[in-house]
Amino acid sequence: MKWLTLTLIKQQIRMEEDFHDEDAWLEATGESVEDSILQVLGRSYDDLVEQYGKVPTPIVHASKLLVAEFYKNREVSSAQKQEPNLNSFDYLVKPFMKL
């Protein structure tokens, strides 16, 4: 992971840091979320760090929200399509999109 850590993710989902059964899943999900956010932004990790000195806090927060959403809703439990609430995500990341 580039900007997320297991510690940040576990704090977000309120998981004890010394519980390791989910670490591989959390790391894979964190990497997927980071890659997806970079795609949405049309930016690279290096581009963000070069322009802002680090990955901006709103992007880190949006990343934690998405990982937590995926953790909470790992599988669809009904035939009805479920979509995450992306309003907060959009609000946090849109200012950093490359146009």
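This is a predicted model: local features need pLDDT of at least 70, side-chain atom pairs count only at pLDDT 80 or more; totals for chains, interfaces and linings use all residues.
Helix α4, residues 57-72, comprises 16 residues and spans 22 Å from its first C-alpha to its last, close to the 22 Å expected at 1.5 Å a residue. Several residues of α4 are buried: Ile-59, Val-60, Ala-62, Ser-63, Lys-64, Leu-66, Val-67 and Ala-68. An α-helix has 3.6 residues a turn, so residues three or four places apart point the same way. The cover over the buried residues of α4 includes α1 (6-13), α2, α3 and α5 (87-93).

The protein chain contains five helices and zero strands, and its elements follow the pattern α-α-α-α-α along the sequence. Of its 99 residues, 34% count as buried. Among contacts in the chain with a separation of 6 or more, 67% are between residues 24 or more positions apart. The chain exposes about 6,700 Å², of which carbon and sulfur atoms supply 49%.

Arg-43 is found in the loop between α2 (23-41) and α3 (45-52). Is Arg-43 buried or exposed? Arg-43 counts as buried because its relative accessibility is 12%, and the cut-off for burial is under 20%.

The surroundings of Arg-43 can be described residue by residue. Its side chain makes a polar contact with the side chain of Gln-51, at 2.9 Å. A polar atom of the Arg-43 side chain also lies 2.5 Å from the backbone oxygen of Phe-96. Leaving aside residues up to four places away in sequence, Arg-43 touches residues including Tyr-52, Met-97 and Lys-98.

Note on methods
Residues are numbered from 1 along each chain as its sequence is written. Side-chain values use heavy atoms; hydrogens and water are left out. Helices (H or I, at least four residues) and strands (E, at least two) are DSSP runs, numbered from the N terminus. Buried means under 20% relative accessible area, exposed over 50%, partly exposed in between (1.4 Å probe, protein chains only). A polar contact is a pair of N or O atoms within 3.5 Å; within protein, one must be able to donate a hydrogen and the other to accept it, and residues adjacent in sequence count only if both atoms are side-chain atoms. Contact means heavy atoms within 4.5 Å. The expected span of a helix is 1.5 Å times one less than its number of residues. Accessible areas come from the Shrake-Rupley method with a 1.4 Å probe; for residues, only the protein chains shown count as cover.
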